Number of protein chains: 2
Amino acid sequence: MRDKDPLVFYFDFISPYAFIAWTQVHALAERHGRALDVAPVLFAAILDAHGQKGPAEIPAKRIYTFKDAYRKAHRVGLTLRPPPSHPFNPLLALRVASLPMSDDARRRLIDALYAATWLEGTGVETKEAVQTIATRAGLDGEALVRAAGEPEAKERLRARTSEAVTRGVFGVPTLVADGEIFWGTDGLEFADAFLRGEDPLPRDLPWKDIPASATRRALRS
Amino acid sequence: MRDKDPLVFYFDFISPYAFIAWTQVHALAERHGRALDVAPVLFAAILDAHGQKGPAEIPAKRIYTFKDAYRKAHRVGLTLRPPPSHPFNPLLALRVASLPMSDDARRRLIDALYAATWLEGTGVETKEAVQTIATRAGLDGEALVRAAGEPEAKERLRARTSEAVTRGVFGVPTLVADGEIFWGTDGLEFADAFLRGEDPLPRDLPWKDIPASATRRALRS
């Protein structure tokens, strides 16, 4: 009998929702006896691929998103403190988190990078910050930051981001379970039901074939 | 002593999430002894105002949104059946729902229009459909459809949509309680806590003043 496929968790440090989901997703995978494939992706590139704006790019939505994330974090016992700037450049942190290492090391590293971003308010934008955080997590921070600058490290992040887009991922966090995608912190609850075999969704949903009968342009009056 | 302000519920028939919230929001208002100001708005115009795409306008997100809404509806005991087309033109239904009438009549009318859209799968896009639904709800369907074509009816919908944008509404459903906005079906839970005086949010959130240190363009590599 084939082992069950791993769950894939797509995330970016930029998203407080991805942080909240990160704190919950390991227990979810363990409950269902699944391995967890941890996939750093560049959210900005996913937005680009879908011609979409991120919540931080719509002024009215930006402040609401912070408040909503604060409330959702509070619900799971976390007190958010935002980074010094947002949106910030997450590339170095994402590339470091993408480097080859043991599952255990990667989890400690991402824990520490996320804590610096969303709990400690110090941020992960500079080489110095990332190096210090990685070292504090028990890794060789200097070597990791150096390796993250290599072309292979950049390519690794690009490849996982493209893979996400190809699978239909349009936001972070996204958990993919047996080909089904689950988006956002809400998504985890539905993924849990899906993995228990209790997804209420009928198998033959005809909804992708529903035609559109109006466009936004036609509604302008 | 001044009465407590009404809660304002902004919605469009186009959104299954707004339908789910509609089925919950009356009980929420009653729990807190608040009147409910029911405000039909054109979601497409709100998207326009923020230069934003709706979930149905991003192919990867469109089908996910239907699935997610189905699961969220199931959680509150509803089985969604989508309308014959989507996105559809909701203008007539919104204008009818905006006409002057008693609170009770408006609630019955919106219940019936929403049921036709998201439970019965028959839709609310044509004059015939809207008239039949209104008549079935015990109202004068013919008179309502005629009144909805008048300039004042069109202006009434436009005015509430503009009011929503001015208040920072960026999506539907949105509930506004004492100036605080709560978006989506999740938002109702947080609005409930807010109205109980149990919003965990610190009063002095400094987040609107956090600077951006990266833009998407700068991240393209």
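Start with a pair of residues: B:V176 has B:I181, in strand 4 of chain B, as its bridge partner. Strands here are DSSP E runs of at least two residues, helices are H or I runs of at least four, and both are numbered from the N terminus. This is a predicted model, where local features need pLDDT of at least 70 and side-chain atom pairs count only at pLDDT 80 or more, while totals for chains, interfaces and linings use all residues. Residues are numbered from 1 along each chain as its sequence is written, chains are lettered from A in the order in which they are written, and side-chain values use heavy atoms, leaving out hydrogens and water.

**The sheet.** Strand 3 (residues 174-177) and strand 4 of chain B run antiparallel and are joined by four bridges; two strands count as paired if DSSP finds at least two bridges between them. They belong to an open sheet of four strands in chain B, with order 2-1-3-4 and mixed pairing. Strand 2 (36-40) and strand 4 (180-183) of chain B are the edge strands, each pairing on one side only. From one strand to the next, the twist averages 20 degrees, using lines fitted to C-alpha atoms as axes and angles from 0 to 180 degrees between N-to-C directions.

**The two copies.** The same surface serves both copies, as 100% of chain B's contact residues recur in chain A.

**The interface.** Here are the numbers for chain B against chain A.

| Item | Value |
|---|---|
| Residues in contact (heavy atoms within 4.5 Å) | 65 of chain B with 65 of chain A |
| Buried area (accessible area lost, 1.4 Å probe, summed over both) | about 6000 Å², 59% from carbon and sulfur atoms |
| Salt bridges (Lys or Arg side-chain nitrogen within 4 Å of an Asp or Glu carboxyl oxygen) | ten |

B:R71, B:W207 and B:R216 supply 15% of the area that chain B buries against chain A, more than any other three residues. One salt bridge links A:R75 with B:E189, with the closest N and O atoms 2.9 Å apart. Among the elements giving at least two residues each to the side of chain B that touches chain A are strand 4 and helix 9 (184-195). Helix 3 of chain B gives the most to that side, with 13 residues.

Notes:
Buried area is the accessible area (1.4 Å probe) that two parts lose on being put together, summed over both.
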